[in-house]
Amino acid sequence: MARILVIAEQRDGKLSEATLELCKAAKEIASGLGATPAAAVFFKDDSLAKEVATYIPEVFAVVDGKLGAYDADYYSQAVKAVVEAKDVKGVLIPHSYDGVDYAGKAALAIGAGIVSNCNKAVVEGGAVVFTRNTYNGKIQEQKSVKTDKFVATFEKGAYDKEAAGGAGSVTAVSVSLVDSRRKIKEIIATVAGSVDISQAKVIIAGGRGTKEKDKYNDVIVNLAKKLGGEFAASRPVVDAGWTDAARQVGQSGKTVAPVLYVAAGISGAIQHVAGMKGSQCIVAINKDPEAPIFNIATYGIVGDLFEVIPAMMEALG
Amino acid sequence: MKIVVLVKEVPDMESKFKIIGDAKIDESQIAFKMNDFDEYAVEAALQLKEKLGGEVVILSSGPERVTKEVRQAFAMGADWGIHVCDPQIDEGDNFVVAGALVKAIESVGGVDLVLTGVQADDDQAALTGVFVADMMNFVHCTNVVKIEVGGDQKALTVNRELEGGLNEVLEMAMPAVLSIQSGINQPRYPTLPGIMKAKKKRLDLKKAADLGVSALGEAGSKTKFHKMYFPVSEHKAEIIQGDAKAAAKTLVDKLRNEAKVI
C-alpha cells in the first residue's frame, strides 16, 4: 500500500513539534487516500527513529554519521532514497527554516509537484487538495499536484500534535550519500541582551504600523511601562533597528505566552503569530479591518494606534 | 563577480484586495511594488559589487509593468537587466517560472552568484530560489543574513538564520544561489542621478521562444490551481466599536472586568 511520509525534523537530537503535527496530518491524509502513514528519520543513530515510532506506525531510519545536523544536499538525497525504496506517494515537510531549504530540491529529485506553506489538506475524489495562505495571509488558495507523487510543506500549528504512546516499527533504509557542497562551520547565537520577554505577564508589541523609532517608543514602550509589562516587536521593527532583536516575537525570535498580548500595527503574518498565539488574551489594534491578526485576537480595535494607545493610557488613569 | 538578482513585483499588501470569480485578484485596485525581500537581495548584490567589482544583473519575469521595478533596481545601482515578458510563463507555477529564469541566467553566462528574496509576499511559496539552484546544479542556501566572499572570489561564508535567534555559519563554493532574508542590510534609496541613469541602462526583453523554454503555462506546471478566497475564521475578535477614545475606554474596561488581565 502506498505511503504518506513525514520527514522528521530535529535540532541537536530534539524532535521539532512540527514533526508531531505532521504525524497527525499524515494519518488524516493517508486515511482519505487508502494509504498508510509513515515517517522517515535522518540521523547519526537510530535513537530518534525509535522515538518517532511512538507517534506513527512505521518509521524508516536512514542512519549515517553525516546526518547528525541538517543539510540540504543530504536531506534531498535521503528523501529520494526512501521514496524510491518504499512506495511513497506523498511527502510532508515542516514549512520551517530547514524545511523550505530542501523541500523544493527534494520535490525535483523525485519528480513531484510541490505545494508549500499549506495549512490544510483534504482528500477529494482521490486527490489531495491543499489550502495555503497567500498575500500575507489575506487570501487563501487551494491547489493540488498533477504529478503522481506530491510534496507538501505545512506551516507550524496547522495540525494538532500527535500524542506519543504507540509502538511502531523501525526499518533501516540504506543510502550512500554524495558529499554535501555545504560545510557547517558553527552555530552561533545572534540575540544578545539580558531581557527575557518570554517570562513577561503583559507584552505590548509594535509592528511596521508604528512607523518610526521615536513613535514606536512613544506608544509601545510607554504603554508597556504603564501596564508594568515588557515591550516587544515584530520582525520589521527589529530589521529597521527601532528595538533589539531580543524583543522580537515570532518564528525567528521568541515564543511568548503572556496573560495579555497587545499587537499594535502588526498585520499578523504567520511567522509572527507562531510566536504569540499561545497568549491568554490578545488585543489587536490595526487600521486594516482585514488584517489576519483579528482572526486570532480576543478583542480588536480597527483604528489608528497613535490615537487608540494614548486614549488607552488616559483610560488607564 | 557577476551577480544576477531575481526580482519579483508584488502587490502592496496595504492595497484593497478584491477577488474576481474565485480565480484571481482584481489588479485594477492594486498598487504594485518590488517584493521587500528582493530589495534586500539587490542591496546585498550592490554591496558585494562595491567591494569586489564586477556587475549586477537584474532578472524579472512578469507583465510589461515590471520594468518599473527593474528600473528601480537600476536606479539603486544595478548595471543592466533581463525582463522575461511572456504570459505563457506567468501563467505557469513556480516550476515553470524557475525554468524560464534558469534559461535567462544561462544566457548571461559566467554567473558567480544568484541572489533572490527568501520568499515573495504574494504567493509566499519560498520555492523559486531553491528550484533555480537545483535546476542549474548550483549549491544554494536559504534565509541568508550575512555574506562574506573569500579572497580568491571562489568561495563563500554565509550565515543562515535559524529559528529562535540562532545562525548557522556555512561555507560553500561558488557559483551559488542565496535566498536573502530581511534585516541583512538597509536597502538604499535611488538617488536622482541614479534615476536619470537608470532610464538609459540596457534592459533585454525575452519571450519564452527566445529562451527556449519548453514547460509553459498550466500545461507545463506540476501543480493545479483550484480557487482563491478570503479566509473564513472560526474565531473572530470581538471588535470594539466607537471612535478611538470610546473604544479605548471600553477596551480598558473589558481587560479589567471581563478578561481580568490587568
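K183(A) counts as exposed, because its relative accessibility is 53% and the cut-off for exposed is over 50%. The model is predicted. K183(A) forms a salt bridge with E171(B), and their closest N and O atoms are 3.6 Å apart. This pair crosses between chains: E171(B) sits in strand β11 (residues 166-173) of chain B, and K183(A) sits in strand β12 (residues 182-189) of chain A. E171(B) is partly exposed, at 25% relative accessibility.

## Other charged pairs

Side chains of opposite charge can pair when their charged atoms come close. Over all chains, the count comes to 39 salt bridges. One of them joins D148(A) and K89(A), at 3.6 Å from N to O. The two residues are 59 residues apart and link distant parts of the chain. D148(A) lies in the loop between β9 (139-145) and β10 of chain A, while K89(A) belongs to strand β6 of chain A. D148(A) is exposed at 57% relative accessibility. K89(A) is partly exposed at 27%.

In chain B, K33(B) and D36(B) meet in a salt bridge of 3.0 Å, N to O. K33(B) is partly exposed, with 26% relative accessibility. D36(B) is buried, with 17%. Salt bridges that share partners also join R11(A), D98(A), R160(B) and E168(B) into one network.

## Strand β6 of chain A

Strand β6 (residues 88-94) of chain A is largely enclosed by the rest of the structure, because six of its seven residues are buried. Strand β1 (residues 3-7) of chain A runs parallel to β6(A), and four bridges join them. Here R3(A) stands opposite V88(A). Strand β10 (residues 150-154) of chain A also runs parallel to β6(A), joined by five bridges. P94(A) has F154(A) in β10(A) as its bridge partner.

## Helix α3 of chain A

Helix α3 (residues 72-85) of chain A has 14 residues. From first C-alpha to last, α3(A) reaches 20 Å, close to the 20 Å expected at 1.5 Å a residue. The helix is mostly covered, with 10 of its 14 residues buried. Among them are Y74(A), Y75(A) and V79(A).

D71(A) caps the N-terminal end of α3(A). A side-chain oxygen of D71(A) lies 2.9 Å from the backbone nitrogen of D73(A). After the helix comes D87(A), whose phi is positive, near 50°.

## A nonpolar patch on chain B

L192(B), I195(B) and M196(B) make a nonpolar surface patch of about 300 Å². M196(B) is placed in helix α6 (residues 192-198) of chain B. At 46% relative accessibility, M196(B) is partly exposed.

Notes:
Residues numbered from 1 in each chain as written. Chains lettered and ligands numbered in written order. Predicted model: local features only at pLDDT ≥ 70, side-chain atom pairs only at ≥ 80, totals over all residues. Heavy atoms only, no water. Patch = residues over 30% accessible without salt bridge, like charges linked within 9 Å, V, L, I, M, F, W, Y side chains within 5 Å. Areas by Shrake-Rupley, 256 points an atom, 1.4 Å probe, with all protein chains shown as cover. Salt bridge = Lys/Arg side-chain N within 4 Å of Asp/Glu carboxyl O. Buried < 20%, exposed > 50% of the residue type's maximum accessible area, 1.4 Å probe, protein only. Pairing = 2+ DSSP bridges. Expected span 1.5 Å × (residues − 1). Polar contact = N/O pair within 3.5 Å; in protein donor to acceptor, adjacent residues only side chain to side chain.
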